[in-house]
There are 2 protein chains.
Amino acid sequence: MLTERQQLILGAIINDYIRSAEPVGSRSISKRGDVGFSPATIRNEMADLEELGFLEQPHTSAGRIPSIQGYRYYVDHLMKHDSVTDNELKTMRSFFASRMIEMEQVVQHAAMIISNLTNYTSIVLGPDSVNQALKHFQLVPLGGDKAVAIVVTDTGHVENRTVTIPADLDMSDMEKAVRFLNERLSGVPLLRLKSRLFSEAGEEMGRYAEQIEGLLGILEQALRPEQDGRLFVSGTTNILTQPEFKDVDKVKTLFDLLDETPTMLKLFSSMPEGIQVRIGTENDHEAIASCSLITATYALDGHSLGTIGILGPTRMDYGKVISLLGALSSNMHLMIGRGGQR
Amino acid sequence: MLTERQQLILGAIINDYIRSAEPVGSRSISKRGDVGFSPATIRNEMADLEELGFLEQPHTSAGRIPSIQGYRYYVDHLMKHDSVTDNELKTMRSFFASRMIEMEQVVQHAAMIISNLTNYTSIVLGPDSVNQALKHFQLVPLGGDKAVAIVVTDTGHVENRTVTIPADLDMSDMEKAVRFLNERLSGVPLLRLKSRLFSEAGEEMGRYAEQIEGLLGILEQALRPEQDGRLFVSGTTNILTQPEFKDVDKVKTLFDLLDETPTMLKLFSSMPEGIQVRIGTENDHEAIASCSLITATYALDGHSLGTIGILGPTRMDYGKVISLLGALSSNMHLMIGRGGQR
DNA sequence: GTTAGCACTCATCAAGGTGGAGTGCTAACG
DNA sequence: CGTTAGCACTCCACCTTGATGAGTGCTAAC
């Protein structure tokens, strides 16, 4: 357990470092006023804090920088949650004033704004459509054996996929099958669609067996999970203003990771609900070992729809980001209640 | 007019520079074998070429580098169009072997491959849907005054937009209007849709005036040109391997430009048909004043659908990129004839 | 327990020196 | 007369050196 004074000093060091990106010396802490001790005393404490693993020294006779453990302690115990500034609030308001219709647009736009307010990069994992309910299904033949399958969900989300239609299927029969689907299975979560189609179609199975079979195959294609399209990265260039990214090699490894959709999907979908802070190597991807990732899940009607994440250097303004994400989620709730769909 | 020998030397210098990214000296040209003159002679010619504006000297006693005018002359007269290598062909083939369905997917995927083969960045401007023909229109009500409008074009492209429905419109009447649209206006280019709706609906105007009016408003919303969504950038990180981008500031200005969708749209849609080469300041955007942009338009059934562009440093392997774009467009033609839609 | 003082370490920066790559010029060569 | 060898010159890139200063750890005094 840290003493009161150690906490004070650790907090002061991390705050300083977040601002300056440079190792913090004992003298500068002493001069700041809020820690009323001489540099020598502070040095002693710093040595202790280093031994305990909260601080690191890039080299002898440089100041100290926080270790990952240090950041962790800061986030869990010391950090004061910034109140959102007037300016930030104004930006948020003007954003919510502009009429936003689709949930996804709201979230993406919000992510962009946070990215600009913080100069970090934001990443949005869009809603996973398999949990949404079917609103409408449509099959538009294109000629040949191709058709466009369109799925509209209850949240207004539209998925479309070009599918191949088995040659032995009659199109007008298919239309009946599609009508059946729309009449009987509207409101069913996409995930359950196939199994429900089986059970619902039970009685008519004999007559329409072939069409149902064909429809199943098409659904299979249409609901095939979309790899891209759920992931939106914005403000990638913002992070280039951070001094830790003045080295192009680092930038490249980071951007390469961001481009690797499957990895990012895995990373994001594994995030628990609520606001999460992952510091440095707590993310087990080498490319972001010197970054921190703060994520928040967003939800509609109680069940979570997606994740929004802010990626920055470990020397991140945790307080600001967390309070902005908080402000967003509370405002978003308002927003969606007011004018969104549903 | 340049003499034979001057052309030879200029070509050799540019080829060398493209490979090495470093100023080229007279000795290294002389040693290459294909120019059988002594360094002194070459130096004299280089001095002349510099006076003529084809070469530049970063500073006294450095080698020469090509000027923009030099690159231009190279592209127009000297460059030998690389034959595509076996390896590249193999990559292309395996790409075309995997069944691609949608035109846009083909082009995007192709752009990515070229980007990887060349280590430059590729940009695709997708087809402008207003020139495509209507295949199917659908309106899915979401509850409240919202609905999803879906437009399918003859190329299999799907656009969807959430629209607001005027409160005074009856939904079942609207359905009739939509059916009318699908029956009578299928095959009409989206651009003409509104005017054709007027003329076609002429006779029934009296009875259905209100619905047609409402439909017009909805079409207005649904066809509102999409800002994003037409532009795809891939291989952004590839360009980071180029030595000219080892400075983060340059990277930032470039990436900022790439993120600025409207500017990029303007830049790309102003490109004439065929293969175009814009060198350095020939693009009038400061951010890419030290870059070259090679674009090719792609077409289906004669009318052009979009543009694919490769962005790299002025010291670009022009021959390779141009031949790859060529190979792509010829192969793409095959591809689309074979298995694509239409 | 706290603080002043001091020797020590080490990154950073500017100044000076060196090597090498490359040039331009001149004179000689075929 | 075009081509080439030779040479002095330029200038960048690199290294070394020394000075500066920020910061530490330790010790002794308060």
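In the predicted model, 7 bridges join strand S5 of chain A to strand S6 (residues 158-164) of chain A, and these two strands run antiparallel. Within this pairing, A:Lys146 stands opposite A:Thr164 in S6(A). S5(A) and S6(A) form a hairpin with 4 residues between them, and in its turn A:Gly156 has a positive phi of about 90 degrees. Strand S5(A) is also paired with strand S4 (residues 134-143) of chain A, to which it is joined by 8 bridges, again in an antiparallel arrangement. Here A:Leu139 is the residue that stands opposite A:Ala149 in S5(A). A hairpin is formed by S4(A) and S5(A) as well, with 2 residues between the strands, and A:Gly144 in that turn has a positive phi of about 70 degrees.

A:Gln132 is found in the loop between strand S3 (121-125) and S4 of chain A. Its relative accessibility is 5%, and because values under 20% are classed as buried, A:Gln132 counts as buried. When residues up to four places away in sequence are not counted, A:Gln132 touches A:Pro127, A:Thr153, A:Asp154, A:Thr155, A:His157, A:Val188, A:Pro189 and A:Leu190.

A:Glu45 lies in helix H3 (residues 39-52) of chain A, and with a relative accessibility of 8% A:Glu45 counts as buried. Apart from its neighbours within four places in sequence, A:Glu45 is in contact with A:Arg5, A:Gln6 and A:Ile9.

Positive phi values also occur in residues other than glycine. In chain A, the phi of A:Ala21 is near 65 degrees, and A:Ala21 is found in the loop between helix H1 (4-20) and helix H2 (26-31) of that chain. In chain B, B:Asn119 has a positive phi of about 65 degrees although it is not a glycine; B:Asn119 lies in the loop between helix H6 (103-118) and strand S3 (121-125) of chain B, and with a relative accessible area of 31% it is partly exposed.

The two chains meet at an interface in which 35 residues of chain B are in contact with 35 residues of chain A. The size of an interface is often given as the accessible area lost when the parts come together. Between chain B and chain A the buried area is about 2,900 Å², and carbon and sulfur atoms give 66% of this area. Between these chains there are 0 salt bridges, whereas 4 residue pairs are in polar contact, with both residues of each pair at pLDDT 80 or more. On the side of chain B that touches chain A, the elements that give two or more residues are strand S4 (134-143), strand S5 (146-153), strand S6 (158-164) and helix H10 (248-259) of chain B. By class, this side of chain B has 13 nonpolar, 12 polar and 10 charged residues.

How values were computed:
Residues are numbered from 1 along each chain as its sequence is written. Chains are lettered from A and ligands numbered from 1 in the order in which they are written. This is a predicted model: local features need pLDDT of at least 70, side-chain atom pairs count only at pLDDT 80 or more; totals for chains, interfaces and linings use all residues. Side-chain values use heavy atoms; hydrogens and water are left out. Contact means heavy atoms within 4.5 Å. Buried area is the accessible area (1.4 Å probe) that two parts lose on being put together, summed over both. A salt bridge is a side-chain nitrogen of Lys or Arg within 4 Å of a carboxyl oxygen of Asp or Glu. A polar contact is a pair of N or O atoms within 3.5 Å; within protein, one must be able to donate a hydrogen and the other to accept it, and residues adjacent in sequence count only if both atoms are side-chain atoms. Ala, Val, Leu, Ile, Met, Phe, Trp, Tyr, Cys and Pro count as nonpolar, Asp, Glu, Lys and Arg as charged, and the others, Gly among them, as polar. Two strands pair if DSSP finds at least two bridges between them. Buried means under 20% relative accessible area, exposed over 50%, partly exposed in between (1.4 Å probe, protein chains only).
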